[in-house]
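Here is a short note for someone meeting this structure for the first time.

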Amino acid sequence: MNSLLTLIKLRKKDLDEKRQELSELQEQKGQLCHYFDQMNEELKIEEEFAANDPMTSVTFENYRRVIKERQSNINLALEGIKIKSAKINEEIALLYGELKKFEIVLQKKILAQKKEQKGKDNKMLDEVALGS
């Protein structure tokens with residue numbers, strides 16, 4: 001039974017680690033989305049400024065190209081996070097399934113031990129009652 005308890009503890013630890021990984025990925029996703037939106041806002045501001053200032057309009061297209069390239073890189077990173085998140089979710093599901101199996105086996109062993117002990121107790125009481 002101790003080995004089963006150890007397996008349960010290990011699965012819980014593994015599950016917690018995977019959940020932490022998933023949480024970190026979600027945080028990265030949020031940061032990247034925020035950065036993407038921030039670049040859009042800056043691009044709008046620069047676009048308005050370039051429309052009113054002929055000197056900056058010359059360099060604006062290069063600026064827009066750089067921003068779009070960065071946004072493209074962010075989209076690639078977000079796609080990578082999506083794939084990693086899906087993989088981790090699958091791993092979490094598998095680990096959770098294993099954990100539940102171990103917990104069910106443990107519960108069954110505990111019930112069997114209780115039943116066995118109750119049977120022994122009843123047998124002992126019967127012997128005591130017959131001996132009197």
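This is a predicted model: local features need pLDDT of at least 70, side-chain atom pairs count only at pLDDT 80 or more; totals for chains, interfaces and linings use all residues.

1. The expected span of a helix is 1.5 Å times one less than its number of residues. With 78 residues (residues 54–131), α2 should span 116 Å, and its end C-alpha atoms lie 112 Å apart, which agrees.

2. Helix α2 has a bend of about 40°, located at Phe60.

3. Two packed helices are described by the angle between their axes and the distance between the axes. For helix α1 (residues 2–52) and α2, the axes come within 7 Å and cross at roughly 165°. Because angles over 145 degrees count as roughly antiparallel, α1 is roughly antiparallel to α2. The crossing of α1 past α2 is left-handed.

4. Which classes of residue make up the contact of α1 with α2? The contact has 31 nonpolar residues, along with 10 polar and 18 charged ones.

5. As for the whole chain, it has two helices and zero strands. Its radius of gyration is 31 Å, whereas the globule rule gives 14 Å for 132 residues; the chain value is well over that, so the chain is more spread out than a compact globule.

6. Taken along the principal axes, the box filled by the C-alpha atoms of the chain is roughly 115 × 20 × 15 Å.

Notes: Residues are numbered from 1 along each chain as its sequence is written. Side-chain values use heavy atoms; hydrogens and water are left out. Helices (H or I, at least four residues) and strands (E, at least two) are DSSP runs, numbered from the N terminus. The bend at a residue is the angle between axes fitted to the seven residues ending there and the seven starting there. Axes are lines fitted to C-alpha atoms, for helices over the stretch in contact, and angles run from 0 to 180 degrees between N-to-C directions. Angles under 35 degrees count as roughly parallel, over 145 as roughly antiparallel, 65 to 115 as roughly perpendicular and the rest as oblique. A crossing is left-handed if the near helix is turned anticlockwise from the far one by less than a right angle, and right-handed if clockwise. Ala, Val, Leu, Ile, Met, Phe, Trp, Tyr, Cys and Pro count as nonpolar, Asp, Glu, Lys and Arg as charged, and the others, Gly among them, as polar. The radius of gyration is taken over C-alpha atoms; the globule rule is 2.2 Å times the number of residues to the power 0.38.
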